[in-house]
Every structure is written in structure tokens, then in C-alpha cells.
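Here's a quick briefing for anyone meeting this structure for the first time. Have a look at it below, then read on for the main points.

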Amino acid sequence: MRGNEKLIIRHETPEEYREVENLTREAFWNVYRPGCLEHYVLHCYRDREDFVPELDFVLEKDGEIIGHIMFVRAHINADDGRKIPVMTFGPISIAPEYKRMGYGKKLLDYALEKAAGMGAGAVCMEGDIGFYGKSGFVTASTCGIHYYAEPRENEVPYFLMKELTAGYLEGITGVYRTPEGYFVNEKDAEEFDSQFPPKEKLRLPGQLV
């Protein structure tokens, strides 16, 4: 980041939905799979009850939208029978030409601070500890919070958590499940993607699917 650039983090507006969906598409295209689904997840999530509009932010650099993040309400199914409210987030998108320059962390840290101000006690998510660890995330299974899709005895390196209120999860063990809104119909996603400029889907090393 340059010292003289003008950065603004603000709420996304409805007029910007398609621009931000295209940004998300560009950010994730061929990253985890040939093509991507993240822009369709974002498109669908804005109408869901667990979407948090107060934490729907864009990052502007010199008047251009280069980043976006959204948050979702979730919960941990605690072993004592309680449902412990938490949040998750994603997709978090940075335009490809601005990746690995510190913009993603700046946007994430800002949004986490706002989530804490709203009373969110903790955040759980799936991601790379190499990046998210810089913002205070730890491997959740080492703290007794387990990922629904993995055996409880496994240490799951991609399932992460961060307390936003100190001690919020102290003494709590349980299981976290990814909110249903992140699971979309791939055929519907393909139809949605056809509304955007054509892009080549590639099978690349390191993809998950």
C-alpha cells in the first residue's frame, strides 16, 4: 500500500451489487475449482435472514472498489446442549491485481472490529492460518471447537476461530457447521454465471475440487 493513496471502507449499496459480484468472480476464478461459485453465494446470501447487512463492506482505493467482505450469523452446537451464537464471513474478495499487498487484512481487521462493536463474541471460518493468523485467528479444534465434516479427534488446520470478546468461548466445547447458505446448486450457479463476460475454466494445481 502506498502512503498517498485514498482508502475508504464503507457499506455496499444495492447499486453496486453486480459490480461487487463481478469483483468476487474475478478474485476467486479458478482458485479453488475450475471457475468459481463465490459470486453466486454472495448474490443469494443478501436475501437470507442470517446475512448481516451491517457488516457488508466494500474497500475503495482512489475511488475504485477493490475489495468486499460479508458476514453471516452462525452458531456452535455446544456439547451441553446450548447453541452459542457466533459469526462467520466470506467470501472476502480483493481484486487480483491488488492481492498480497495488505488490502485484505486491512478490510478484514476493520470488519472484525465492527462485528465486535455489534456484540459478536466470536468468529468461526474456514481458511488459511497463514493469512488469518495475522489477524488473531487460531486453529479452532485446539480450543475444543470442532468442524462438522471432520472427526473430532482431528486437528483441522483450515477450520479457524477468533474470540472478539475475551473469554466468550471459555469452557465451551462443541461442533460448528457451515451455514446452509454457503451450499448452492451448481447448475443454478452456472446459469447465474452466464450473465457475466465469458471466462475460461481451468483445472490448476492446488484446487480443492
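Start with Phe-89: in this predicted model, Phe-89 has a relative accessible area of 6%, and since the cut-off for buried is under 20%, it counts as buried.

**Aromatic rings**
- Phe-89 and Phe-137 have ring centres 6.0 Å apart with planes at 65 degrees, so they make an edge-to-face pair.
- That pair ties together distant parts of the chain, 48 residues apart: Phe-89 is in strand S4, while Phe-137 is in the loop between helix H4 and strand S6.
- Phe-137 is buried too, at 3% relative accessibility.
- Across the model, the count comes to 15 aromatic pairs.
- Take Phe-71 and Phe-89: their centres sit 5.4 Å apart and their planes meet at 35 degrees, so this pair is tilted.

**Charges over rings**
- Arg-25 lies over the face of Trp-29, 4.7 Å from the ring centre.
- Arg-46 does likewise with Tyr-17, at 3.8 Å from the ring centre.

**Helix H3**
- H3 runs over residues 103-117 and spans 21 Å from first C-alpha to last.
- Its buried residues include Tyr-103, Leu-107 and Ala-111.
- Viewed down the axis, the buried residues of H3 fall within an arc of 155 degrees, so they line one face.
- The face turned away from that buried side carries exposed Glu-113 and Gly-117.

**Helix H1**
- H1 has 12 residues, and among its buried ones are Val-20, Leu-23 and Phe-28.
- Helices H2 and H5 are among the elements covering the buried residues of H1.

How values were computed. Residues are numbered from 1 along each chain as its sequence is written. This is a predicted model: local features need pLDDT of at least 70, side-chain atom pairs count only at pLDDT 80 or more; totals for chains, interfaces and linings use all residues. Side-chain values use heavy atoms; hydrogens and water are left out. Helices (H or I, at least four residues) and strands (E, at least two) are DSSP runs, numbered from the N terminus. The expected span of a helix is 1.5 Å times one less than its number of residues. Buried means under 20% relative accessible area, exposed over 50%, partly exposed in between (1.4 Å probe, protein chains only). The arc is that of the directions from the helix axis to the C-beta atoms. Contact means heavy atoms within 4.5 Å. Rings of Phe, Tyr and Trp (its six-membered ring) pair if their centres lie within 6.5 Å; planes under 30 degrees apart count as stacked, over 60 as edge-to-face and the rest as tilted. A charge sits over a ring if NZ of Lys or CZ of Arg is within 6 Å of the ring centre and within 35 degrees of the ring normal.
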